[in-house]
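Subject: Structure for you to look at

Dear colleague,

I am handing over the structure below, together with some notes on what was found in it. Please read the notes with the coordinates open beside them.

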Amino acid sequence: MLLAGSTNRWLRERATKAAFVRRSVRRFMPGERIEDALDAARGLQPQGIAAILTALGENLATPAEADDVGAHYCEVFAKVAAAGLDAQVSVKPTQLGLDFDQRLAERHLDRLLECAEQYRNFLWIDMESSPYVDRTLALYRRARGRSTRIGIALQAYLYRTERDLESLLPLGPAVRIVKGAYLEPPSIAYPKRADVDENFYRLCVRLLSAEPQQAGALVHIATHDAALARRLLDHVRQHDVPRAAYEIAMLYGISVAQQRALVAEGHRVRVLISYGEHWFPWYMRRLAERPANVWFVVKNAFG
Ligand code: FDA
């Protein structure tokens, strides 16, 4: 229901104006402005936690909006450099105009990659719902041919991901493995959580194996699932995988104690910090991931 609601316009228009919803959002989002996200990244740095910044928003209304997104992220790279922060950038392909034209998205991605190069930083491409997967992979392949400063998210819930990953391995890719956040039918995605988890494990192990590592692969183990992360970190230890081969990635405000514990154990941890005004569909996906969060919203309604 929550995932279906995430794309409902009527609900979005009402919920985003409700004070109690706005209060609950703050738990996962330091604020709507880039400065709020930079402050949050600055706060994490002394704890040994690096950041990834992402402006919320997807499926633009006009191609011109993609220009603004491109310009905004280049500015973010400049601000991160000026602030001396270890903070990368992550972008949704539809924010770059993928719904309108693949070439438009390519042009914007090229520009962002130039900024990432200029500031010696790194750009991630998020993976959106299944109709975008082929086009997003094409964007990544093209961009990876131009620069090593780019990574892509792949979703463990899709049957096709194992094949997609194999096809990327010769590139020595940087891959963020996630479980997957969209509503997908069982014809294309594992309906059972246990199967998603097992695929997540297999995909990460494949990226951490000798041949992809020799080609320069990096994996972001992007999960709050403590048991799954532990299983992967046991694999890392047993196979002497170097620390440079992987990072643990989590979302701002979620499993904070786990983030700190992993840093204390010597693992590299990076937290994705979201900001921006268009937080409704993203927030609904966060609620869907954990029903307990719905009670948090309800408590805020009466608190
Ligand atoms: P799972 O959902 O099994 O949760 C494990 C445990 O983590 C829960 O029991 C709970 O304790 C805690 N937890 C998880 N979500 C929580 C929440 N919202 N609130 C409070 N606790 C929570 N997806 C996608 O489709 N495309 C993408 O590009 C990305 N990018 C991305 C980047 C990063 C850095 C992360 C961490 C995640 C993504 N995702 C994503 C989202 C991902 O697909 C997935 O929906 C969430 O990470 C939740 O799944 P978990 O792996 O955390 O496990």
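In this predicted model, the largest pocket holds about 1300 Å³ of space. It is lined by 45 residues, and those closest to its centre are K179, G180, A181, R286 and E289. By class, this lining divides into 25 nonpolar, 8 polar and 12 charged residues.

Several elements contribute to the lining of the largest pocket, with at least two residues each from β1 (49–55), β4, β5, α9 (193–208), β7, β8 (269–275) and α13. Of these, α13 gives the most, namely 5 residues.

The largest pocket is also the space that the ligand takes up. Around the ligand there is a shell of 25 residues, of which K179, G180, R193, T223 and E289 are the closest. In this shell, 12 residues are nonpolar, 5 are polar and 8 are charged. At least two shell residues come from each of β4 (150–155), β5 (174–178), β7 (246–251) and α13 (280–289), and β7 provides the largest share, with 3 residues.

A polar side-chain atom of K179 lies 2.7 Å from an oxygen atom of the ligand, while for G180 a backbone N or O atom lies 2.7 Å from a ligand oxygen atom. A backbone N or O atom of A181 lies 3.0 Å from an oxygen atom of the ligand. On its own the ligand has 920 Å² of accessible area, and the protein covers 87% of that.

With kind regards

Key:
Residues are numbered from 1 along each chain as its sequence is written. This is a predicted model: local features need pLDDT of at least 70, side-chain atom pairs count only at pLDDT 80 or more; totals for chains, interfaces and linings use all residues. Side-chain values use heavy atoms; hydrogens and water are left out. A residue is near a molecule or strand if one of its heavy atoms lies within 4 Å of it. A polar contact is a pair of N or O atoms within 3.5 Å; within protein, one must be able to donate a hydrogen and the other to accept it, and residues adjacent in sequence count only if both atoms are side-chain atoms. Accessible areas come from the Shrake-Rupley method with a 1.4 Å probe; for residues, only the protein chains shown count as cover. On a 1 Å grid over the protein atoms alone, a cavity is a set of points where a 1.4 Å probe fits but cannot get out, and a pocket is an open set with protein on both sides within 12 Å along at least five of seven lines; lining residues have an atom within 4 Å of a point. A molecule sits in a cavity or pocket if more than half of its atoms lie within 2 Å of its grid points. Helices (H or I, at least four residues) and strands (E, at least two) are DSSP runs, numbered from the N terminus. Ala, Val, Leu, Ile, Met, Phe, Trp, Tyr, Cys and Pro count as nonpolar, Asp, Glu, Lys and Arg as charged, and the others, Gly among them, as polar. Grid points are joined across faces, edges and corners, and a volume is the space filled by probe spheres set on the points.
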